[in-house]
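Here is a short tour to read alongside the sequence and the 3D view. Have both open as you go.

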Amino acid sequence: MNTKFSREPAKAALLRRYTIGALLMIAPSFASAEIAVIVNVNNKDKITMEDVQKTYLAKTKTFPGGGKIVALDQTEGSTSRVEFVSKVVKKDEAQMKAYWSRLIFTGKGVPPKVMDSDEAVLEAVIGNPSAIGFIEADAVTDKVRVIGTI
Amino acid sequence: MNVKLATRFGLSALALAITPAHAVDLRFDGFATFVVGQMLDDDELNHDPQGNLMTFRGFDDQINFQSNNVFAIQARADLGEGLSATAQIMAKGVDDYDAKFSWAYLSYELTPEWTISAGQMRIPYFYYSESLDVGYSYPFIRPPFNTYDIGGFDNISGLKAEWQTDVGNWVSRVTMLAGRTDTTLKISQLPDPVKAQVSRMGLLAWSMNYDAFTVRGIYARANLSLGVSDYLDAIGFDRISNEVDSTLTGIGLPALGLNFSNDARHGAYYDNDAAEFYGIAFNYDPGPYFVTIESTVLDLQNGFMQNPGTGTYLNAGVRLGKITPYFTIERAESDYNEKGYRRLMAEVNHAGLQAQYGSLVGDLIYSGVGAGLKQVFVSSLKEENAYNIGVRYDFHPSAAFKLEYMTAKNHNYDLSPQAIAASVDVIF
């Protein structure tokens with residue numbers, strides 16, 4: 001290991017050290033922004049992250065079991081939303097906006113209802129068996145079912 | 001056209017929406033585009049038949065702040081149980097901001113897969129048709145001009161059914177639409193707007209999406225009528241006949257009195273004639289970059305205008321954070337209605353002319369009439385390559401700035417117009 005490392009060109013070694021350093025620096029903020037996708041406790045459907053992605057792109061309107069989905073969004077720019085859009089929907093917020101602008105102004109879809117906090121999402125999901133939402137993983141309680149954390 | 005109806009419908013939708021007894025969810029969305037642009041050299045422009053200098057994509061050699069601007073508000077009332085009413089009011093700079101209902105329709109979600117809509121709506125000819133006016137939704141300042149030129153028949157009153165379903169890992173969306181539209185159109189070859197009607201339109205579009213990849217095909221047919229017969233008689237057929245006669249009498253020969261039959265003249269008119277449209281589009285947009293290819297054919301089976309007209313473009317771009325450089329190359333071609341031309345020429349008796357006026361004058365009359373008729377048919381003939389290169393800058397969560405250089409090579413007139421434009425597209 002040591003010999004291998006010593007043979008590494010100086011530039012690459014520097015780059016590697018720098019990258020590790022950078023990762024260490026941003027690691028805490030990543031940890032705090034872990035996102036949980038939640039549904040009502042009575043929802044027993046097997047839901048994948050791919051299903052969630054499709055839901056937030058209006059490509060699917062029903063849960064795998066056939067029930068209608070009521071998707072919940074969060075305020076643009078909030079930590080939960082930025083993370084969710086990038087990790088689950090795999091777009092950035094501007095792309096998401098351009099994508100939805102096509103759906104809204106063609107009558108093909110109505111964007112998910114925007115809730116103003118993790119607590120509001122939590123409350124709505126507890127109260128609605130059709131709801132799906134996302135919140136920071138720290139905010140999860142046992143009154144909702146977590147279908148995935150990312 | 002149906003604006004009254006649309007207004008009444010829109011108002012009743014609003015009235016419904018504000019009735020407190022119903023738990024109605026009312027949602028407003030809006031978009032706006034502000035464009036400024038200028039041609040680099042107006043020597044590269046054509047004159048229309050009235051002698052006015054035409055424009056290139058709406059631009060001329062003066063800085064133009066207005067003609068491409070758009071401002072629109074859309075209201076959607078969710079009436080519950082899958083029923084909703086949508087109305088969009090749009091003001092365009094090119095119409096002096098005269099606000100009009102661009103669409104107003106009722107939608108009913110029968111099942112999560114099936115939705116039916118009735119009212120006035122956008123005809124989804126193209127990949128970007130339904131968000132045609134929403135600059136924010138696409139990379140370029142305007143969609144490729146030649147491909148997206150459908151002569152003003154953008155909206156229709158009718159019935160639409162949409163069926164969205166999963167096919168394995170693909171999402172399939174089928175759109176069926178039937179309807180008609182009555183409107184007035186400005187045709188560049190004619191001095192005044194003419195009455196236009198599309199009736200018995202049937203359209204079938206099918207798109208399949210898998211992850212970042214989308215393919216879309218469309219077929220539409222309709223009957224087309226345009227109020228151009230008086231104009232074509234006056235500047236086409238009767239003028240040709242008069243010019244032949246005045247030339248003949250001017251050199252002391254008897255007038256010919258050429259008079260084309262109604263039947264032959266109809267070859268140049270649009271009188272409830274079949275029109276077909278088909279197209280295919282591919283889009284691949286994994287996020288860091290995107291590519292769109294679209295190709296369309298408009299086949300008017302009669303009439304004096306381009307026939308058929310085809311357009312194909314390729315657009316691609318790279319997203320570097322908030323900056324998106326992009327380019328488009330486009331090719332448009334159209335043929336002319338040779339059948340219509342030949343039917344008219346068949347009524348000019350070449351041998352008879354030679355017998356009556358002698359072979360020299362007979363030949364001259366024959367070729368003169370042929371050249372005159374050809375002008376009627378080929379005035380909108382087009383063979384053009386167009387290019388643009390630009391950059392989109394998402395400087396705000398709800399606004400994008402675009403800067404674009406556009407040029408074209410028109411092979412019919414050997415012209416190469418160029419323009420630079422900038423736009424700000426906003427949604428709210």
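## Chain A

Among contacts in chain A between residues at least 6 apart in sequence, what percentage join residues at least 24 apart? The figure is 65%. Please keep in mind throughout that this is a predicted model.

As for what builds chain A, you will find six helices and five strands. If you trace the chain along its sequence, these elements come in the pattern α-α-β-α-β-α-α-β-α-β-β. Chain A has 150 residues, and buried ones make up 30% of them.

## Chain B

Now turn to chain B, where there are six helices and 16 strands. Its 428 residues include 36% that count as buried. Taken along the principal axes, the C-alpha atoms of chain B fill a box of roughly 85 × 45 × 45 Å.

Looking at pairs of residues at least 6 apart in sequence, 61% of the contacts in chain B join residues at least 24 apart.

## Where the chains meet

How many residues of chain B are in contact with chain A? There are 22 of them, and they are in contact with 20 residues of chain A. On the side of chain B that touches chain A, β1 (25-39) and β2 (70-80) of chain B each supply at least two residues. The largest share comes from β1(B), with three residues.

## How confident is the predictor?

For the complex, the predictor gives an ipTM of 0.71 and a pTM of 0.82. Chain B averages a pLDDT of 87, and 93% of its residues score at least 70.

Which parts of chain B have pLDDT under 50? One stretch is residues 1-11 of chain B, where pLDDT stays under 50 and the model has 16 contacts beyond four places in sequence. Another is residues 13-21 of chain B, where pLDDT also stays under 50 and the model has ten such contacts. A friendly word of caution applies here: where pLDDT is low, the predicted coordinates should not be read in detail.

Definitions and conventions: Residues numbered from 1 in each chain as written. Chains lettered and ligands numbered in written order. Predicted model: local features only at pLDDT ≥ 70, side-chain atom pairs only at ≥ 80, totals over all residues. Contact = placed C-beta atoms within 7 Å. Helix = DSSP H or I, 4+ residues; strand = E, 2+ residues; numbered from the N terminus. Buried ≥ 20, exposed ≤ 12 C-beta atoms within 10 Å, placed from the backbone. pLDDT = per-residue confidence, 0-100.
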